[in-house]
Amino acid sequence: MRHRLIVPGAAVLSLLLAIPASAASFRPGAPGVGDSYYPDSGNGGYDVSHYDLRLKYQPKTDLLEGTATLLATTTQDLSRFNLDFGLKVSEIRVNGVKARFATSGKHELEVTPATPLEKGRQISVVVRYAGTPSQVKIDGYSGWARTPDGGVVAQEPDAAVWWYPSNDHPTDKATYDISVAVPDGTQALSNGVLLSETSKLGWTRYNWRSDKPQSTYLTTLAVGKFDITKDTTANGLPVINAVSKDLGANEGAAKASIARTAEVVQWEEGLFGRYPFNALGGYVPNVPAGYALETQTRPFYGKKVFDNGANVSVIVHELAHQWYGDSVSLKDWKDIWVHEGFARYAQWLWPEKEGEGTAQQLADYVYAQHPADDAFWKVKPGDPGAKNQFDIAVYDRGALAIQAFRNKVGDKVFFEILKAWPTENRYGNGSVADFVKFAEKKSGKKLAGFFGTWLFQPAKPAAGAATGIAAAARKAPVAQPKSWKSIAATNEVHEAHGH
(Lines give C-alpha, C1' and ligand atoms only; values in the text may rest on other atoms or scores of the structure.)
Protein backbone atom coordinates (compact mmCIF):
# COMPACT_ATOMS: atom_id res chain seq x y z
CA MET A 1 0.00 0.00 0.00
CA ARG A 2 1.27 3.43 -0.86
CA HIS A 3 0.89 6.30 1.50
CA ARG A 4 0.91 9.85 0.28
CA LEU A 5 2.83 12.10 2.62
CA ILE A 6 0.97 15.31 3.30
CA VAL A 7 3.03 18.05 4.93
CA PRO A 8 1.21 21.10 6.28
CA GLY A 9 2.14 24.41 4.65
CA ALA A 10 3.77 25.75 7.80
CA ALA A 11 6.02 22.71 8.01
CA VAL A 12 7.12 23.19 4.40
CA LEU A 13 8.06 26.77 5.21
CA SER A 14 10.12 25.67 8.19
CA LEU A 15 11.97 23.10 6.07
CA LEU A 16 12.82 25.70 3.49
CA LEU A 17 14.10 28.05 6.14
CA ALA A 18 16.37 25.30 7.43
CA ILE A 19 18.28 25.12 4.11
CA PRO A 20 21.38 27.39 4.25
CA ALA A 21 20.96 30.46 2.08
CA SER A 22 24.46 29.86 0.71
CA ALA A 23 23.37 26.60 -0.95
CA ALA A 24 22.15 28.58 -3.92
CA SER A 25 25.71 29.74 -4.60
CA PHE A 26 26.97 26.23 -5.43
CA ARG A 27 27.24 25.83 -9.19
CA PRO A 28 29.29 23.88 -11.74
CA GLY A 29 32.72 25.17 -12.65
CA ALA A 30 33.14 26.36 -16.23
CA PRO A 31 34.16 23.68 -18.77
CA GLY A 32 36.85 26.01 -20.16
CA VAL A 33 38.82 29.10 -19.21
CA GLY A 34 37.52 31.05 -22.20
CA ASP A 35 40.82 31.23 -24.06
CA SER A 36 40.55 33.28 -27.27
CA TYR A 37 41.75 30.42 -29.48
CA TYR A 38 40.84 27.35 -27.41
CA PRO A 39 37.81 28.25 -25.25
CA ASP A 40 37.34 24.67 -24.03
CA SER A 41 40.91 24.32 -22.74
CA GLY A 42 41.27 24.35 -19.00
CA ASN A 43 38.42 24.57 -16.50
CA GLY A 44 36.94 27.00 -14.02
CA GLY A 45 36.32 26.75 -10.30
CA TYR A 46 39.66 25.52 -8.96
CA ASP A 47 43.44 25.92 -9.14
CA VAL A 48 45.76 22.90 -9.06
CA SER A 49 48.91 23.21 -6.95
CA HIS A 50 50.38 19.71 -7.43
CA TYR A 51 50.04 16.61 -9.59
CA ASP A 52 51.18 13.22 -8.34
CA LEU A 53 51.13 10.73 -11.22
CA ARG A 54 51.77 7.04 -10.58
CA LEU A 55 51.92 5.25 -13.91
CA LYS A 56 52.68 1.86 -15.46
CA TYR A 57 53.34 1.55 -19.19
CA GLN A 58 53.77 -1.53 -21.37
CA PRO A 59 55.50 -0.61 -24.67
CA LYS A 60 54.41 -3.81 -26.45
CA THR A 61 50.70 -3.05 -26.10
CA ASP A 62 50.75 0.72 -25.54
CA LEU A 63 48.74 0.16 -22.36
CA LEU A 64 49.01 3.00 -19.87
CA GLU A 65 47.62 2.50 -16.36
CA GLY A 66 47.56 5.38 -13.94
CA THR A 67 46.49 6.87 -10.67
CA ALA A 68 46.57 10.66 -10.66
CA THR A 69 46.27 12.65 -7.45
CA LEU A 70 45.54 16.34 -7.88
CA LEU A 71 45.85 18.80 -5.01
CA ALA A 72 43.79 21.92 -5.63
CA THR A 73 41.98 24.87 -4.08
CA THR A 74 38.46 25.80 -5.06
CA THR A 75 37.95 29.34 -6.37
CA GLN A 76 34.15 29.28 -6.12
CA ASP A 77 31.40 27.29 -4.42
CA LEU A 78 31.39 24.15 -6.57
CA SER A 79 28.62 21.65 -7.16
CA ARG A 80 30.61 20.05 -9.97
CA PHE A 81 33.90 20.59 -11.79
CA ASN A 82 35.59 19.42 -14.96
CA LEU A 83 38.93 17.84 -15.80
CA ASP A 84 40.44 17.62 -19.28
CA PHE A 85 41.10 13.96 -20.10
CA GLY A 86 40.68 11.39 -22.85
CA LEU A 87 41.43 7.92 -21.39
CA LYS A 88 38.87 5.62 -19.74
CA VAL A 89 38.34 6.30 -16.04
CA SER A 90 37.34 3.59 -13.54
CA GLU A 91 37.06 5.59 -10.32
CA ILE A 92 37.28 9.14 -8.97
CA ARG A 93 37.47 10.17 -5.33
CA VAL A 94 37.23 13.71 -4.00
CA ASN A 95 38.67 14.13 -0.51
CA GLY A 96 38.69 10.34 -0.19
CA VAL A 97 35.01 9.86 -1.04
CA LYS A 98 33.78 8.35 -4.29
CA ALA A 99 32.44 10.89 -6.75
CA ARG A 100 30.13 10.50 -9.72
CA PHE A 101 31.59 11.27 -13.13
CA ALA A 102 30.58 11.51 -16.76
CA THR A 103 32.15 12.54 -20.05
CA SER A 104 31.11 15.30 -22.42
CA GLY A 105 32.48 17.27 -25.34
CA LYS A 106 35.82 16.37 -26.88
CA HIS A 107 37.80 15.85 -23.69
CA GLU A 108 35.68 16.87 -20.71
CA LEU A 109 35.45 14.72 -17.59
CA GLU A 110 32.65 16.02 -15.37
CA VAL A 111 33.15 15.26 -11.67
CA THR A 112 30.33 15.57 -9.12
CA PRO A 113 31.59 15.22 -5.53
CA ALA A 114 29.42 13.54 -2.90
CA THR A 115 28.96 16.90 -1.18
CA PRO A 116 29.39 20.40 -2.67
CA LEU A 117 32.73 22.14 -2.17
CA GLU A 118 32.97 25.56 -0.57
CA LYS A 119 35.11 28.31 -2.08
CA GLY A 120 38.66 28.40 -0.74
CA ARG A 121 38.68 24.75 0.28
CA GLN A 122 41.76 22.58 -0.27
CA ILE A 123 40.77 19.37 -2.02
CA SER A 124 42.33 16.16 -3.30
CA VAL A 125 41.10 14.45 -6.45
CA VAL A 126 42.20 10.87 -7.16
CA VAL A 127 41.54 9.48 -10.64
CA ARG A 128 42.17 5.84 -11.60
CA TYR A 129 42.36 5.12 -15.31
CA ALA A 130 43.77 2.96 -18.09
CA GLY A 131 43.89 2.92 -21.87
CA THR A 132 45.96 3.05 -25.04
CA PRO A 133 46.75 6.73 -25.58
CA SER A 134 47.71 6.42 -29.24
CA GLN A 135 44.15 5.23 -29.95
CA VAL A 136 42.51 8.27 -28.35
CA LYS A 137 41.63 10.74 -31.09
CA ILE A 138 40.62 14.32 -30.49
CA ASP A 139 39.74 16.13 -33.71
CA GLY A 140 41.08 13.04 -35.46
CA TYR A 141 44.47 13.33 -33.84
CA SER A 142 46.48 11.73 -31.01
CA GLY A 143 49.26 13.64 -29.26
CA TRP A 144 50.81 10.38 -28.09
CA ALA A 145 53.39 9.06 -30.56
CA ARG A 146 54.32 5.38 -30.71
CA THR A 147 57.98 4.49 -31.23
CA PRO A 148 59.58 1.11 -32.06
CA ASP A 149 60.35 0.62 -28.36
CA GLY A 150 57.79 2.75 -26.52
CA GLY A 151 55.86 5.99 -26.66
CA VAL A 152 56.32 9.76 -26.38
CA VAL A 153 54.03 12.67 -25.58
CA ALA A 154 55.23 16.21 -26.36
CA GLN A 155 52.79 18.55 -28.10
CA GLU A 156 51.54 22.13 -28.12
CA PRO A 157 49.01 23.48 -27.25
CA ASP A 158 47.54 20.17 -25.99
CA ALA A 159 49.37 17.14 -24.59
CA ALA A 160 48.13 16.24 -21.12
CA VAL A 161 44.70 14.94 -22.16
CA TRP A 162 46.31 11.80 -23.62
CA TRP A 163 48.02 10.66 -20.43
CA TYR A 164 46.73 12.34 -17.27
CA PRO A 165 43.68 14.34 -16.11
CA SER A 166 44.36 18.03 -15.61
CA ASN A 167 43.29 21.64 -15.73
CA ASP A 168 44.83 21.95 -19.17
CA HIS A 169 45.74 25.62 -19.68
CA PRO A 170 49.01 27.50 -19.04
CA THR A 171 47.32 29.82 -16.54
CA ASP A 172 47.05 26.97 -14.02
CA LYS A 173 50.60 25.83 -13.27
CA ALA A 174 51.56 23.24 -10.67
CA THR A 175 54.45 21.19 -9.35
CA TYR A 176 54.80 17.52 -10.32
CA ASP A 177 55.85 14.12 -9.03
CA ILE A 178 55.81 11.60 -11.89
CA SER A 179 56.48 7.93 -11.11
CA VAL A 180 56.58 5.54 -14.07
CA ALA A 181 57.07 1.76 -14.07
CA VAL A 182 58.33 0.21 -17.33
CA PRO A 183 59.75 -3.22 -18.23
CA ASP A 184 63.38 -3.77 -17.21
CA GLY A 185 65.75 -2.61 -19.93
CA THR A 186 63.46 0.29 -20.85
CA GLN A 187 63.78 3.85 -19.55
CA ALA A 188 61.18 6.45 -18.66
CA LEU A 189 62.10 10.12 -19.09
CA SER A 190 60.17 13.09 -17.75
CA ASN A 191 60.70 16.60 -16.41
CA GLY A 192 62.91 17.77 -13.58
CA VAL A 193 65.15 15.73 -11.30
CA LEU A 194 65.38 11.93 -11.28
CA LEU A 195 64.87 11.15 -7.59
CA SER A 196 65.24 7.37 -7.79
CA GLU A 197 65.35 4.33 -10.06
CA THR A 198 64.43 0.92 -8.64
CA SER A 199 63.77 -2.52 -10.13
CA LYS A 200 61.40 -5.23 -8.88
CA LEU A 201 59.83 -8.31 -10.50
CA GLY A 202 60.80 -7.35 -14.02
CA TRP A 203 59.74 -3.71 -13.81
CA THR A 204 61.86 -0.59 -13.27
CA ARG A 205 60.28 2.44 -11.66
CA TYR A 206 61.56 5.96 -12.37
CA ASN A 207 60.59 8.80 -10.02
CA TRP A 208 60.84 12.33 -11.42
CA ARG A 209 60.16 15.62 -9.66
CA SER A 210 59.54 19.15 -10.96
CA ASP A 211 59.51 21.45 -7.95
CA LYS A 212 58.72 24.70 -9.77
CA PRO A 213 55.38 25.68 -11.36
CA GLN A 214 54.88 23.96 -14.71
CA SER A 215 52.21 24.22 -17.42
CA THR A 216 50.40 21.05 -18.41
CA TYR A 217 51.51 21.15 -22.06
CA LEU A 218 55.14 21.42 -20.93
CA THR A 219 54.93 18.12 -19.06
CA THR A 220 56.44 15.27 -21.05
CA LEU A 221 56.87 11.51 -20.91
CA ALA A 222 59.10 9.35 -23.10
CA VAL A 223 59.44 5.59 -22.73
CA GLY A 224 62.00 3.63 -24.74
CA LYS A 225 65.63 2.62 -24.91
CA PHE A 226 68.00 5.59 -24.71
CA ASP A 227 71.67 6.41 -24.44
CA ILE A 228 71.63 8.66 -21.39
CA THR A 229 74.42 11.00 -20.29
CA LYS A 230 74.45 12.66 -16.88
CA ASP A 231 76.47 15.61 -15.63
CA THR A 232 76.16 18.66 -13.42
CA THR A 233 76.53 22.35 -14.20
CA ALA A 234 79.01 24.63 -12.47
CA ASN A 235 76.11 25.64 -10.21
CA GLY A 236 75.39 22.01 -9.30
CA LEU A 237 72.24 21.46 -11.36
CA PRO A 238 71.79 17.96 -12.80
CA VAL A 239 72.03 17.67 -16.59
CA ILE A 240 70.36 14.66 -18.21
CA ASN A 241 70.48 14.24 -22.00
CA ALA A 242 69.04 11.24 -23.81
CA VAL A 243 69.12 10.00 -27.40
CA SER A 244 67.24 6.97 -28.68
CA LYS A 245 69.45 3.91 -29.22
CA ASP A 246 67.96 3.39 -32.68
CA LEU A 247 68.21 6.93 -34.04
CA GLY A 248 70.29 5.76 -36.98
CA ALA A 249 72.31 8.23 -39.07
CA ASN A 250 71.07 11.20 -37.03
CA GLU A 251 72.54 9.91 -33.78
CA GLY A 252 75.84 11.80 -33.94
CA ALA A 253 74.28 15.12 -34.93
CA ALA A 254 71.64 14.80 -32.21
CA LYS A 255 74.18 14.01 -29.49
CA ALA A 256 76.53 16.78 -30.64
CA SER A 257 73.68 19.29 -30.51
CA ILE A 258 72.14 18.54 -27.13
CA ALA A 259 75.64 18.20 -25.64
CA ARG A 260 75.78 22.01 -25.91
CA THR A 261 72.81 22.39 -23.53
CA ALA A 262 74.73 23.43 -20.40
CA GLU A 263 76.90 25.84 -22.40
CA VAL A 264 73.86 27.49 -24.00
CA VAL A 265 72.04 27.80 -20.67
CA GLN A 266 75.09 29.48 -19.11
CA TRP A 267 75.15 32.01 -21.95
CA GLU A 268 71.41 32.62 -21.73
CA GLU A 269 71.67 33.27 -17.99
CA GLY A 270 73.70 36.33 -18.94
CA LEU A 271 70.77 37.54 -21.06
CA PHE A 272 67.73 36.44 -19.09
CA GLY A 273 68.91 36.04 -15.49
CA ARG A 274 69.28 33.01 -13.25
CA TYR A 275 68.06 29.73 -14.76
CA PRO A 276 64.62 29.25 -13.18
CA PHE A 277 64.42 25.46 -12.71
CA ASN A 278 66.01 22.52 -10.86
CA ALA A 279 67.43 20.55 -13.80
CA LEU A 280 68.23 20.80 -17.51
CA GLY A 281 68.85 18.63 -20.52
CA GLY A 282 67.13 17.43 -23.66
CA TYR A 283 66.01 14.26 -25.39
CA VAL A 284 65.71 12.90 -28.92
CA PRO A 285 63.41 9.88 -29.29
CA ASN A 286 62.95 7.85 -32.45
CA VAL A 287 59.93 9.84 -33.56
CA PRO A 288 59.77 10.80 -37.26
CA ALA A 289 58.89 14.37 -36.28
CA GLY A 290 60.37 17.57 -37.62
CA TYR A 291 59.46 19.76 -34.66
CA ALA A 292 60.97 20.58 -31.29
CA LEU A 293 59.19 21.63 -28.10
CA GLU A 294 60.28 23.46 -24.97
CA THR A 295 59.09 20.80 -22.50
CA GLN A 296 60.18 22.19 -19.14
CA THR A 297 63.77 21.43 -18.07
CA ARG A 298 64.11 18.78 -20.80
CA PRO A 299 63.16 19.94 -24.32
CA PHE A 300 61.95 17.43 -26.89
CA TYR A 301 63.69 17.31 -30.29
CA GLY A 302 62.21 15.27 -33.12
CA LYS A 303 64.54 12.97 -35.02
CA LYS A 304 64.19 14.88 -38.29
CA VAL A 305 65.44 18.08 -36.65
CA PHE A 306 68.93 16.70 -37.23
CA ASP A 307 68.48 15.44 -40.80
CA ASN A 308 70.99 18.01 -42.04
CA GLY A 309 73.48 17.66 -39.22
CA ALA A 310 74.05 19.29 -35.85
CA ASN A 311 71.74 22.19 -35.06
CA VAL A 312 72.75 24.35 -32.11
CA SER A 313 70.38 27.13 -33.14
CA VAL A 314 67.33 25.02 -32.26
CA ILE A 315 68.92 24.22 -28.89
CA VAL A 316 69.27 27.96 -28.29
CA HIS A 317 65.61 28.47 -29.19
CA GLU A 318 64.10 25.77 -26.98
CA LEU A 319 66.31 26.66 -24.02
CA ALA A 320 65.42 30.35 -24.32
CA HIS A 321 61.85 29.22 -23.80
CA GLN A 322 62.77 28.06 -20.30
CA TRP A 323 62.59 31.75 -19.40
CA TYR A 324 60.26 33.07 -22.12
CA GLY A 325 57.37 30.62 -22.25
CA ASP A 326 58.04 28.15 -19.45
CA SER A 327 58.86 30.32 -16.43
CA VAL A 328 56.80 33.26 -17.71
CA SER A 329 53.95 31.82 -19.76
CA LEU A 330 51.23 33.40 -21.84
CA LYS A 331 47.86 34.32 -20.33
CA ASP A 332 45.95 33.50 -23.48
CA TRP A 333 47.12 31.57 -26.55
CA LYS A 334 46.78 34.74 -28.63
CA ASP A 335 49.79 36.02 -26.62
CA ILE A 336 52.12 33.50 -28.27
CA TRP A 337 54.58 36.28 -29.19
CA VAL A 338 55.78 36.48 -25.57
CA HIS A 339 57.03 32.93 -26.12
CA GLU A 340 58.12 32.64 -29.74
CA GLY A 341 59.28 36.15 -30.59
CA PHE A 342 61.86 36.12 -27.81
CA ALA A 343 63.03 32.53 -28.36
CA ARG A 344 63.57 33.39 -32.03
CA TYR A 345 65.42 36.56 -31.06
CA ALA A 346 67.76 34.46 -28.89
CA GLN A 347 68.68 32.69 -32.15
CA TRP A 348 69.58 36.13 -33.54
CA LEU A 349 71.73 36.96 -30.51
CA TRP A 350 73.69 33.70 -30.57
CA PRO A 351 75.53 34.65 -33.82
CA GLU A 352 76.66 37.91 -32.16
CA LYS A 353 78.37 35.75 -29.53
CA GLU A 354 79.78 33.40 -32.17
CA GLY A 355 81.08 36.20 -34.42
CA GLU A 356 78.73 35.25 -37.26
CA GLY A 357 76.90 38.54 -37.69
CA THR A 358 74.61 40.78 -35.70
CA ALA A 359 70.93 40.75 -34.89
CA GLN A 360 70.63 44.01 -36.84
CA GLN A 361 72.03 42.38 -39.96
CA LEU A 362 69.54 39.54 -39.57
CA ALA A 363 66.70 42.03 -39.09
CA ASP A 364 67.64 43.98 -42.21
CA TYR A 365 67.93 40.76 -44.21
CA VAL A 366 64.54 39.40 -43.08
CA TYR A 367 62.87 42.76 -43.69
CA ALA A 368 64.25 42.89 -47.24
CA GLN A 369 63.16 39.33 -48.07
CA HIS A 370 59.47 40.13 -47.77
CA PRO A 371 57.97 42.73 -50.15
CA ALA A 372 55.03 44.80 -49.01
CA ASP A 373 52.50 42.52 -50.67
CA ASP A 374 53.89 39.38 -49.03
CA ALA A 375 51.37 37.50 -46.85
CA PHE A 376 54.11 37.53 -44.21
CA TRP A 377 53.00 41.06 -43.25
CA LYS A 378 49.32 40.10 -42.97
CA VAL A 379 50.01 37.88 -39.95
CA LYS A 380 49.90 39.87 -36.71
CA PRO A 381 52.42 38.44 -34.20
CA GLY A 382 50.54 40.06 -31.33
CA ASP A 383 47.36 38.14 -32.20
CA PRO A 384 47.98 35.87 -35.19
CA GLY A 385 44.84 33.75 -34.94
CA ALA A 386 44.71 30.05 -34.08
CA LYS A 387 45.45 28.96 -37.66
CA ASN A 388 48.57 31.16 -37.83
CA GLN A 389 49.74 30.67 -34.27
CA PHE A 390 52.96 29.00 -35.40
CA ASP A 391 53.36 30.82 -38.70
CA ILE A 392 56.91 31.90 -39.52
CA ALA A 393 55.80 35.53 -39.23
CA VAL A 394 55.19 35.03 -35.49
CA TYR A 395 58.87 34.12 -35.24
CA ASP A 396 60.63 36.38 -37.75
CA ARG A 397 58.31 39.38 -37.69
CA GLY A 398 58.13 38.87 -33.94
CA ALA A 399 61.93 39.02 -33.71
CA LEU A 400 61.98 42.06 -36.02
CA ALA A 401 59.77 43.83 -33.51
CA ILE A 402 62.24 43.04 -30.75
CA GLN A 403 65.21 44.33 -32.75
CA ALA A 404 63.30 47.51 -33.56
CA PHE A 405 62.49 47.84 -29.85
CA ARG A 406 66.18 47.39 -29.02
CA ASN A 407 67.07 50.23 -31.39
CA LYS A 408 64.37 52.47 -29.99
CA VAL A 409 65.38 52.23 -26.31
CA GLY A 410 69.13 51.53 -26.72
CA ASP A 411 71.16 48.50 -25.72
CA LYS A 412 71.51 49.33 -22.02
CA VAL A 413 67.78 49.65 -21.36
CA PHE A 414 66.91 46.86 -23.78
CA PHE A 415 69.07 44.23 -22.13
CA GLU A 416 67.90 45.35 -18.68
CA ILE A 417 64.31 44.73 -19.79
CA LEU A 418 65.22 41.43 -21.46
CA LYS A 419 66.46 40.20 -18.08
CA ALA A 420 63.88 41.95 -15.89
CA TRP A 421 60.75 40.48 -17.54
CA PRO A 422 61.49 36.82 -16.69
CA THR A 423 63.09 37.78 -13.37
CA GLU A 424 60.27 39.92 -12.00
CA ASN A 425 57.51 37.69 -13.39
CA ARG A 426 59.13 34.34 -12.61
CA TYR A 427 56.69 31.38 -12.62
CA GLY A 428 53.83 33.65 -13.62
CA ASN A 429 51.85 34.54 -16.73
CA GLY A 430 51.95 37.58 -18.97
CA SER A 431 50.26 38.94 -22.06
CA VAL A 432 51.50 41.05 -24.95
CA ALA A 433 49.77 44.04 -23.34
CA ASP A 434 51.51 43.28 -20.05
CA PHE A 435 54.90 43.26 -21.76
CA VAL A 436 54.22 46.59 -23.49
CA LYS A 437 53.26 48.20 -20.17
CA PHE A 438 56.32 46.65 -18.52
CA ALA A 439 58.60 48.00 -21.24
CA GLU A 440 57.03 51.46 -20.99
CA LYS A 441 57.60 51.54 -17.24
CA LYS A 442 61.20 50.36 -17.46
CA SER A 443 62.17 52.57 -20.40
CA GLY A 444 60.17 55.67 -19.53
CA LYS A 445 58.90 55.79 -23.13
CA LYS A 446 55.43 55.53 -24.62
CA LEU A 447 55.56 52.36 -26.67
CA ALA A 448 51.96 51.32 -27.34
CA GLY A 449 51.90 52.85 -30.81
CA PHE A 450 55.34 51.46 -31.64
CA PHE A 451 54.40 47.89 -30.72
CA GLY A 452 51.04 48.36 -32.39
CA THR A 453 52.84 48.93 -35.69
CA TRP A 454 55.13 45.93 -35.35
CA LEU A 455 52.82 43.43 -33.73
CA PHE A 456 49.31 44.32 -34.86
CA GLN A 457 49.50 46.27 -38.13
CA PRO A 458 48.65 43.94 -41.07
CA ALA A 459 51.11 45.76 -43.30
CA LYS A 460 54.85 46.16 -43.70
CA PRO A 461 56.23 48.84 -41.34
CA ALA A 462 58.26 51.59 -42.97
CA ALA A 463 62.05 51.31 -42.81
CA GLY A 464 64.28 54.03 -41.43
CA ALA A 465 65.05 55.63 -38.10
CA ALA A 466 61.44 55.46 -36.88
CA THR A 467 61.50 51.66 -36.87
CA GLY A 468 65.19 50.94 -36.39
CA ILE A 469 65.45 49.03 -39.66
CA ALA A 470 68.14 50.30 -41.98
CA ALA A 471 66.85 52.34 -44.90
CA ALA A 472 68.98 50.16 -47.19
CA ALA A 473 66.72 47.25 -46.27
CA ARG A 474 63.91 48.84 -48.31
CA LYS A 475 65.41 47.25 -51.36
CA ALA A 476 66.70 43.76 -51.98
CA PRO A 477 69.23 42.34 -52.26
CA VAL A 478 70.64 42.66 -48.78
CA ALA A 479 73.64 40.46 -48.08
CA GLN A 480 72.71 37.20 -46.38
CA PRO A 481 74.30 37.05 -42.90
CA LYS A 482 76.61 34.12 -42.30
CA SER A 483 74.34 32.77 -39.57
CA TRP A 484 71.15 32.82 -41.64
CA LYS A 485 71.45 29.32 -43.02
CA SER A 486 71.60 27.66 -39.59
CA ILE A 487 68.71 29.78 -38.31
CA ALA A 488 66.54 29.16 -41.37
CA ALA A 489 67.17 25.44 -40.98
CA THR A 490 64.97 25.61 -37.87
CA ASN A 491 61.98 27.23 -39.62
CA GLU A 492 60.02 24.06 -40.17
CA VAL A 493 60.90 22.96 -36.65
CA HIS A 494 58.89 25.85 -35.29
CA GLU A 495 56.11 25.92 -37.89
CA ALA A 496 55.22 22.34 -36.97
CA HIS A 497 54.84 23.05 -33.24
CA GLY A 498 51.09 22.65 -33.14
CA HIS A 499 48.80 20.07 -34.62
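These questions and answers walk through parts of a predicted model.

Biologist: In what order do the four strands of the open sheet stand?

Modeller: Strands of a sheet pair through backbone hydrogen bonds, either parallel or antiparallel. Here the pairing is antiparallel. The twist averages 20° from one strand to the next. The order is β10-β11-β16-β13.

Biologist: Which strands stand at the edges of that sheet?

Modeller: An edge strand here has a single partner strand, so one side of it is left without a neighbour in the sheet. That holds for residues 144–147 and for residues 187–189. The strands are β10 and β13.

Biologist: Which residue in β16 is the bridge partner of A188?

Modeller: β13 and β16 run antiparallel. Three bridges join them, and β16 covers residues 221–224. The partner of A188 is V223.

Biologist: Is strand β12 largely enclosed or left open by the rest of the structure?

Modeller: Buried means under 20% relative accessible area. Ten of the ten residues of β12, 174–183, are buried. Therefore the strand is largely enclosed.

Biologist: Is W333 buried or exposed?

Modeller: W333 lies in the loop between β22 and α5. Residues that W333 touches include D35, Y37, H169 and Q389. Its relative accessibility is 2%, and the cut-off is under 20%, so W333 counts as buried.

Biologist: What separates the C-alpha atoms of W333 and A363?

Modeller: Along the chain, these two residues are 30 residues apart.

Biologist: How many nonpolar residues are in the contact of α3 with α4?

Modeller: The crossing is right-handed. From α3, residues including V264, W267 and F272 take part, and from α4, residues including I315 and L319. One polar and one charged residue also belong to the contact. The nonpolar residues number nine.

How values were computed:
Residues are numbered from 1 along each chain as its sequence is written. This is a predicted model: local features need pLDDT of at least 70, side-chain atom pairs count only at pLDDT 80 or more; totals for chains, interfaces and linings use all residues. Side-chain values use heavy atoms; hydrogens and water are left out. Two strands pair if DSSP finds at least two bridges between them. Helices (H or I, at least four residues) and strands (E, at least two) are DSSP runs, numbered from the N terminus. Axes are lines fitted to C-alpha atoms, for helices over the stretch in contact, and angles run from 0 to 180 degrees between N-to-C directions. Buried means under 20% relative accessible area, exposed over 50%, partly exposed in between (1.4 Å probe, protein chains only). Contact means heavy atoms within 4.5 Å. A crossing is left-handed if the near helix is turned anticlockwise from the far one by less than a right angle, and right-handed if clockwise. Ala, Val, Leu, Ile, Met, Phe, Trp, Tyr, Cys and Pro count as nonpolar, Asp, Glu, Lys and Arg as charged, and the others, Gly among them, as polar. Lists of a residue's contacts leave out its neighbours within four places in sequence.
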